[in-house]
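Biologist: I am new to this structure and would like to learn how to read its features. Could we begin with burial and then proceed to the helices?

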Amino acid sequence: MTEPNWTRSAAVSLTTLAAGAAGAALGYVLSFPAFVLTGPALLVSLLGLAGIRMDIDRRLRDVAFVVVGVGIGSTVTASTAEALLRWPLAFVALAIMLAATMWVSQWCLKRFFGFDARSAVLASAPGHLSFVIALSTQMNVDVLRVTIVQSLRLLSLTLIVPLVARLVGVEISGTALSGNGVLSFAAFSGLVCGGAAAGLVIGRLGVPAGLLIGAMMV
């Protein structure tokens, strides 16, 4: 008797989730930066390379994309717009340096490490690791390579930025959360539903990781 597809999918998803939980625990023990993200990403990737099937049911993955998108979008506050208006030249300089850094990184990854063009772009992109990995899974690129490079970037920033900041006399807060409190369950549910609806529309327009980007926009 053949095992139903949904049963196999559930078994693989549960195995992958268990591996992710183990990776998060290992990341915590080893003091990885953002261990709940980098630990699972690296361990699941390594298990996949070892020949163990690692996958997540698409429906569960889509739910996670929406929740992650809401979390990323929530970091944008009124103070963000105020900062743009207060230091416009600084943001222009930042944009120029960002473009230059990404171009150099892409060239090095393609020239010396054999990356294809799209993998090099994603591996060079700054910002949220979860966002970049989500785009990688949707764009059919080498997710393992992108994950490793992005994890090294995050590790380097975690180690170097606080040291440099202290050397120049800048104190870094231990949290990036705002002081506006936590949303109620009803408000959060509304954001998730609105983000999912926007993501479905954006996805139909051919935008990769539409659910993630839609939730961020909402």
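Modeller: A residue is called buried under 20% relative accessible area, exposed over 50%, and partly exposed in between, with a 1.4 Å probe and protein chains only. Of the 218 residues of the protein chain, 27% count as buried. This is a predicted model, in which local features need pLDDT of at least 70, side-chain atom pairs count only at pLDDT 80 or more, and totals for chains, interfaces and linings use all residues. Residues are numbered from 1 along each chain as its sequence is written, and side-chain values use heavy atoms, with hydrogens and water left out.

Biologist: How many helices and strands does the protein chain have?

Modeller: Helices (H or I, at least four residues) and strands (E, at least two) are DSSP runs, numbered from the N terminus. The protein chain has ten helices and zero strands. Its C-alpha atoms fill a box of roughly 65 × 45 × 40 Å along the principal axes.

Biologist: Which residues of α10 are buried?

Modeller: They are Gly-210, Leu-211, Leu-212, Ile-213, Gly-214 and Ala-215. Because six of the eight residues of α10 are buried, this helix is largely enclosed by the rest of the structure. Contact means heavy atoms within 4.5 Å, and the cover over the buried residues of α10 includes α3, α7 (129-138) and α9 (185-204).

Biologist: At what angle do the axes of α3 and α10 cross?

Modeller: Axes are lines fitted to C-alpha atoms, for helices over the stretch in contact, and angles run from 0 to 180 degrees between N-to-C directions. Here the axes of α3 (residues 58-73) and α10 (residues 210-217) come within 7 Å and cross at roughly 30 degrees. That makes α3 roughly parallel to α10, a term for angles under 35 degrees.

Biologist: Which residues of α3 and α10 meet?

Modeller: From α3, Asp-62, Phe-65, Val-66, Val-68, Gly-69, Val-70, Ile-72 and Gly-73 meet Leu-211, Leu-212, Ala-215 and Met-216 of α10.

Biologist: Is Ser-119 buried or exposed?

Modeller: Ser-119, which lies in helix α6 (residues 117-124), counts as buried because its relative accessibility is 0%. A polar contact is a pair of N or O atoms within 3.5 Å; within protein, one must be able to donate a hydrogen and the other to accept it, and residues adjacent in sequence count only if both atoms are side-chain atoms. The side chain of Ser-119 makes such a contact with the side chain of Asp-116 (2.8 Å). Not counting residues up to four places away in sequence, Ser-119 touches Val-141, Asp-142 and Val-146.

How values were computed. Angles under 35 degrees count as roughly parallel, over 145 as roughly antiparallel, 65 to 115 as roughly perpendicular and the rest as oblique.
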